[in-house]
Amino acid sequence: MRNLIKADLCRILKTKMLYVGTVIAVAVLVFTILRSLTSAGRNATGYMSGLNSALDGFIFPVVIALPVFIAVFSHELTSKSMQCILGHGLTRGKLITSKLLEAAILLAGIFAIIMIAAIVLASPEYSISSRQMTNGIIAIWLRALRFFGYICFSAMIMFIANSTSLGIIVCVAFTLVLRIGFMALSRLGGIEVYDYTIDGLLDWVYKSIEAGGPGLQIIPVFLYIIAAVSITIIFFNRKEFEF
Amino acid sequence: MSNTDTQAVIRLDGVEKSYGKHHVLKGVTMQVNKGDIYGLVGKNGAGKTTIFKMILGLSEFTTGSVSIAGSTTKKELYTNRGKIGFFVGSNFYNYLTGKANLEYYARAKGIPRNEIKDEISRVLELVGLQDVKQPVKGYSLGMKQRLGIGNAILGNPEILILDEPTNGLDPQGIADIRHMVRRFRDEYGMTVIVSSHILGELENTADRFGIVHNGVIAKEITQEDLSLKRPEIELSVSMDDLEKARQVLSQSGINILKEGKEKVTLEDYYFELIGGEAD
């Protein structure tokens, strides 16, 4: 399993899209924070408002979640490399877990860069308290977890439907469309579905932590992810592979 | 080699596989011994590829058992699958070069980092792709087959499985692969299972054969069995000596059962015309 992760990461890290996406994400972060500091004042409120706007915007999913999903999964079905790996004795559960861990490692790497950029931008002149900075960092990592959730669900659909295109479409839907849809349902129809999606729960976690709470709403988020991974593995265990 | 050491490296006992009501394998029992070049013969759809899938764990069998290198538990079976190198079609990332693909699989197979470069050079040279630098998407079918075989032999596996390795290849390509398969056994000590529906080709490659028919191994035979099946002796003489040979044989009381002109094979004719070699 460790060998496969190493091999995959060496291959995936040659994907230019990941680097382009990361550079755009950092540029968006810098631009949004600086713009917010200009409009809302050069203080902690301006900084935090800019950081949250950047993380909440639609650019991050497009330049981070989607490229990570494509880099890890887009060639898996067409290359038939999975057959080759399984034939060498790796169990199916370990194969799926490896692929998802690769996505997690890539997201961790990208969000570590974003976190460093955010810290560098946090000049002492803005008087940001350590509590505010901690919250900002938590917001960054909750965003990473949110994207990981999207990727797990998209991978589940991709493997069940045996279609890379469908996986990518689902990833786009999770990152962009569903959120808007659920929010619209909440606002227009009064149906509070959004709060129970990964997005809604993670918003809830952040608000809870911001208010000094434990953010226990993160537990169902992990349960969602574990469910998606388990369903994928169960399905994958029964799959007949074609050459 | 197969005559002196009969340790079973792959054994299937009563393996059955059904897809709904369709029974693809109806109790396959076969044994491949260390050092064999075992030819799996059968028409398209006979179940050759399904047998490979069972061995490699890409499909679960309905009943029966599979043992690799003496494995008795499921855990051992998974572990021992690591001793198999296999070619079952092109399993490559098309946007990467052949070398980059082999690097990927070498890492995934756990070949030590400091050995990967040398191992890939050795393999690429063995399959004749050492000078090819383009991505796999630009490869011809023959080049993909060669790269697939290269991937199979990465890390010098004990067991090599080749599913229809000569499919779609030109005569030179077929001859090259036949030559390679023998070399893997003779020089590297690999046990090889190779499948094909082209009987003539397999006859020249393997030394034991399993004939797959209607989802079972209908018969297992050796090259020796093929010779014993026709106990006549063939005597070749040139056309100039034909009459003299008839007289000598007749005077010695030897009956001539059959007389015919030997045709040069198309393969021999082809290689004589364009150069290259069959073996």
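Modeller: Start with the open sheet of 6 strands in chain B, ordered S5-S6-S7-S3-S8-S9, where the pairing is mixed. Bear in mind that this is a predicted model.

Colleague: Which strands are at the edges of that sheet?
Modeller: Strand S5 (84–87) and strand S9 (216–222) of chain B, each of which pairs on one side only. On average, neighbouring strands are turned by 15° against each other, ignoring direction.

Colleague: Which helices lie on it?
Modeller: H5(B) lies across S5 and S6 of chain B and runs at about 170° to S5(B). H6(B) packs on the sheet too, touching S3, S6 and S7 of chain B, with its direction at about 160° to that of S7(B).

Colleague: Let's look at S7(B). How many of its residues are buried?
Modeller: Strand S7, residues 191–196 of chain B, has 6 of its 6 residues buried. In a regular strand the side chains alternate between the two faces of the sheet. In S7(B), Thr191(B), Ile193(B) and Ser195(B) are on one side, Val192(B), Val194(B) and Ser196(B) are on the other, and both faces are covered.

Colleague: What does S7(B) pair with?
Modeller: Strand S3 (residues 37–41) of chain B runs parallel to S7(B), and 5 bridges join them. Leu40(B) has Ser195(B) as its bridge partner, and Val41(B) has Ser196(B). Strand S6 (residues 159–163) of chain B also pairs with S7(B) in the parallel sense, over 5 bridges. There, Ile159(B) is partnered by Thr191(B).

Colleague: And what does Val192(B) touch, leaving out residues up to four places away in sequence?
Modeller: Ile37(B), Tyr38(B), Leu160(B), Leu162(B), Val181(B), Phe184(B) and Arg185(B).

Colleague: Which residues touch the most other members of the largest nonpolar core?
Modeller: Val192(B) is one of them, along with Leu160(B), Ile161(B) and Leu162(B); the core has 71 residues. Helix H6 (residues 171–188) of chain B gives the largest share, 6 residues.

Colleague: New topic: the contact between the chains. How many residues from each?
Modeller: 21 from chain A and 23 from chain B. On the chain A side, helix H1 (2–12) and helix H6 (81–87) each supply at least two residues. That side divides into 8 nonpolar, 9 polar and 4 charged residues.

Colleague: What do the buried residues of H3(B) pack against?
Modeller: H1 and H6 of chain A, together with helix H4 (113–126) and helix H5 (141–153) of chain B. Helix H3 (residues 98–108) of chain B is mostly covered, with 9 of its 11 residues buried. Those buried include Leu102(B), Tyr104(B) and Tyr105(B), as well as Glu103(B) and Arg107(B). Just after H3(B), Gly110(B) takes a positive phi of about 85°.

Colleague: One more, in chain A. Is Ala25(A) buried or exposed?
Modeller: Ala25(A) is buried, because it has 23 other C-beta atoms within 10 Å and 20 or more is the cut-off. The residue is in helix H2 (residues 16–40) of chain A. Leaving aside neighbours within four places in sequence, Ala25(A) is in contact with Phe60(A), Val63(A), Ile64(A), Ile110(A) and Ile114(A).

Key: Residues are numbered from 1 along each chain as its sequence is written. Chains are lettered from A and ligands numbered from 1 in the order in which they are written. This is a predicted model: local features need pLDDT of at least 70, side-chain atom pairs count only at pLDDT 80 or more; totals for chains, interfaces and linings use all residues. A nonpolar core is a set of buried Ala, Val, Leu, Ile, Met, Phe, Trp, Tyr and Cys residues joined through C-beta atoms within 7 Å. A residue is buried if 20 or more other C-beta atoms lie within 10 Å of its own, exposed if 12 or fewer, and partly exposed in between; C-beta atoms are placed from the backbone. Helices (H or I, at least four residues) and strands (E, at least two) are DSSP runs, numbered from the N terminus. Two residues are in contact if their C-beta atoms, placed from the backbone, lie within 7 Å. Ala, Val, Leu, Ile, Met, Phe, Trp, Tyr, Cys and Pro count as nonpolar, Asp, Glu, Lys and Arg as charged, and the others, Gly among them, as polar. Two strands pair if DSSP finds at least two bridges between them. Axes are lines fitted to C-alpha atoms, for helices over the stretch in contact, and angles run from 0 to 180 degrees between N-to-C directions.
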